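Reader: Please give me a close look at a single part, the interface, in one connected account. I would like each term to come with its cut-offs.

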Protein chains: 2
Amino acid sequence: MILDGIGMLFGIPFSLYYEDNDVSTLLETGLSIAAIGGLIFASLKNYKKDIRKRESYLIVGSGWIAMSAFGALPFVIHGSIPSYTDAFFETISGFTTTGASILNDIESLPHGLLFWRSFTQWLGGMGIIVLSLAILPILGIGGMQLFVAEVPGPTKDKIHPRIRETAKRLWGIYLLLTLAETALLITGGMNLFDALTHSFTTMATGGFSTKQASIAAWDSPFIHYVIIFFMFVAGMNFSLHYYWLRGAWKKLTGNDEFKFYLFFVLGVSIVIAVDLFLHGYGNVEKSFRDSLFQTVSIVTTTGYVTSDYETWGAFYQIVFFILLFAGGCAGSTGGAIKMVRHQLLIKNSLNELKRLLHPRAVIPVRFNKKIVSNEVLANIMAFSFWYIAIFLAGMLILSLLGMDFISAIGAAATTLGNVGPGIGTVGPSLNFANVPTAGKWILSFLMLVGRLELFTILVIFSKSFWKK
Amino acid sequence: MILDGIGMLFGIPFSLYYEDNDVSTLLETGLSIAAIGGLIFASLKNYKKDIRKRESYLIVGSGWIAMSAFGALPFVIHGSIPSYTDAFFETISGFTTTGASILNDIESLPHGLLFWRSFTQWLGGMGIIVLSLAILPILGIGGMQLFVAEVPGPTKDKIHPRIRETAKRLWGIYLLLTLAETALLITGGMNLFDALTHSFTTMATGGFSTKQASIAAWDSPFIHYVIIFFMFVAGMNFSLHYYWLRGAWKKLTGNDEFKFYLFFVLGVSIVIAVDLFLHGYGNVEKSFRDSLFQTVSIVTTTGYVTSDYETWGAFYQIVFFILLFAGGCAGSTGGAIKMVRHQLLIKNSLNELKRLLHPRAVIPVRFNKKIVSNEVLANIMAFSFWYIAIFLAGMLILSLLGMDFISAIGAAATTLGNVGPGIGTVGPSLNFANVPTAGKWILSFLMLVGRLELFTILVIFSKSFWKK
């Protein structure tokens, strides 16, 4: 709440500059929320009980919900999003870095609120980096076990300094990359406000824009390529950024997931670009740029739009529907299933063909030259199963609420994957305004579950969690 | 080819009785194919090379293709299906026990050809039982490893008597159940021809009917319940039939997959029945019967129709789309993913939640009270991955050929799962006549891959298969 309240204040200078009418709303709401948060914090100061595994699941889950519940208030109080359901949807879409929006006229919002809307994504991205690289590995979630040689138990002495140290370094990189993008976007002709807010939502792979037309509002190849580059970077494992920023490129070329990610994105983009060009979409550069932009945008789960892929033909509705499940690398700000899991599923599936022909041979799955344990494979199998099960359940409920097949399938996939645009009535040039109220709460839940790598939320619903 | 040729002759008595014009076609084509087959067989008699693993994959795959390639000839020669593509599609849909049809007016076909069309499914079902219960376990495919305590290596001495012995017993049961259903359907008012052909296609979970309206052509609750019972029985593991036919019911109640299958089918049917009844679909019995019929029909991958579920509302389009992936039990004539795999995926996914909370505890997945090995889990993981990958690839190609999203997704799912009807333009009251020619070949391939438990075909495409 303290973070929420203070965060709301940062947009005020822009509102003052642009003479908007949301200054008092942001000031009063922000200070009130921060003050209440401060009082609660002070009253809990003497509460010294150890935080154990179970509590940490509850803290992470309820933290994201509380941030969104309070973060939605300025929109309602100001009146620019009168319905609390809509405001909550928009805000949890921010904090989960999804980017799905219910707004029909984004430009009508005052700058302070627009700043706050983008800032929720930046904060969410910040949270997710630390969660996925420092906290979840300790809980055994998120596929990052693969990168951690020794996962320490949750002892009181070790966690705190470790998380704090890791968090500081990661946030340094995150801030640095955000400022670098801002500078480049200003160079490309954006004003400070747009450059800053779009850098927030790029680095978070969030995808909220300050324009209804999203990035298509800027007809500048330079701006498009800058955003493509930073979306791609945001979809990388942030622990890799340490190395290449210091010139240790070998760490990149030796990383199986990074190579898979790079070749996947390039491969898909080139195939689409050739097809678009052959069908007379535009010149070579334009075909390649739009294809690369939309592929990187959807694969990294950012969700920016420069061209509506649904207008490229019925085939692309299916292609981009499938890409909604891709996701960037583990330890990035991206959502969905993520590269490393796809890669291990593919490796295991190819190995199985060898195993059938040579039943006595031991053919393990390897990743970064190390053997992947059966425990990790069982975890990935469970993750994929839950992912599909939750997706199907979400889609079923949405269709019960009256959504058509394609929109239901698209809305469930894009929110669970934290992407943003889907297909059908929630496609890239449309939005979530017309989803029924109950559907908006279901989709909010899907965003949360997807963002927190499923298990963080699912364990809370398991029987063993509540056993003594 | 010998089997194919002789099989074509069995329908001739019906054609003579009904004075149809296909007697000479069936006689000449059947005898020619059988004769050519006989000549090839005689010339190969002195070929004594051992059949090894690799050869057995090729034999199974090419066997199914050859049966369909020759089996399609009578339709083309008679002229009732002029296009060879269509005839091949219809015949491989038969031998794979799928039941997807390109016929717009089934009743216009002469009885001999209709008999042959149903008989292809019965033969396919016969083949699949032996394949899944006697041959694939030796190759390590199909999930039946779970039921076989010791899988013997493919040594020359052991395979032959073992397969022959198992096959004889299974075919005895298959024949017995087919005759029992025929007798009951005649009791219910069907004529001998319809009773026999529908028993063929029920026991094979095939779904070809001699009527364009499928089972809806008979407005008899008795007939519907008889078919429901035998579809359910055909979806059970055939090795279980040994036991309950002899009164050993404990073998049923102690079988985890059977219990899961039973409760799944009943659970889904009751929920749908209540919903149909509440929406004024009909009286309690009619709602329950149609719901049970369609659920059993799709879950067992039979594909008969008494009521078009697409007219029940958009929600049911999604429900039945999902059910296309269910499948009956391993060792049945059903296709798709099958109960045991779903069950183990669910068990592993629930276990993973426990493992996260108790990382030091060893929590194995159990099935029929035995611990499931990591090898079996890796196999199921690979199977599910390939299943989804092939489904998505099929759907992508179909949409490239011009099919719309819903029809493409439905056609790929229903052929890979060997079900029959899909959703959209290939829904229960429509057919595959309007699928583009290239699409029919793609769908034929999907039927074959799905029928042979994926791996039988996939290994042939793997690098290691062709290595010395």
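Author: A salt bridge is a side-chain nitrogen of Lys or Arg within 4 Å of a carboxyl oxygen of Asp or Glu, and by that rule the interface of chain B and chain A has zero salt bridges. The model is predicted, so that local features need pLDDT of at least 70 and side-chain atom pairs count only at pLDDT 80 or more, while totals for chains, interfaces and linings use all residues; side-chain values use heavy atoms, without hydrogens and water. Residues are numbered from 1 along each chain as its sequence is written, and chains are lettered from A, and ligands numbered from 1, in the order in which they are written.

Polar contacts (N or O atoms within 3.5 Å, one able to donate a hydrogen and the other to accept it, with residues adjacent in sequence counting only if both atoms are side-chain atoms) join six residue pairs between chain B and chain A, both residues being at pLDDT 80 or more. On the side of chain B that touches chain A, at least two residues each come from α4 (53-71), α15 (314-323), α16 (339-357), α17 (374-400), α18 (405-416), α20 (455-458) and α21 (463-466), these helices being DSSP runs of H or I with at least four residues, numbered from the N terminus. Of these, α17(B) provides the largest share, 15 residues.

Taken as a whole, the interface brings 51 residues of chain B into contact (heavy atoms within 4.5 Å) with 51 residues of chain A. Between them the two chains bury about 4,600 Å², 79% of it on carbon and sulfur atoms, where buried area is the accessible area (1.4 Å probe) lost on being put together, summed over both parts. In chain B, Leu357(B), Met381(B) and Phe405(B) lose the most area to chain A, together 17% of what that side buries.
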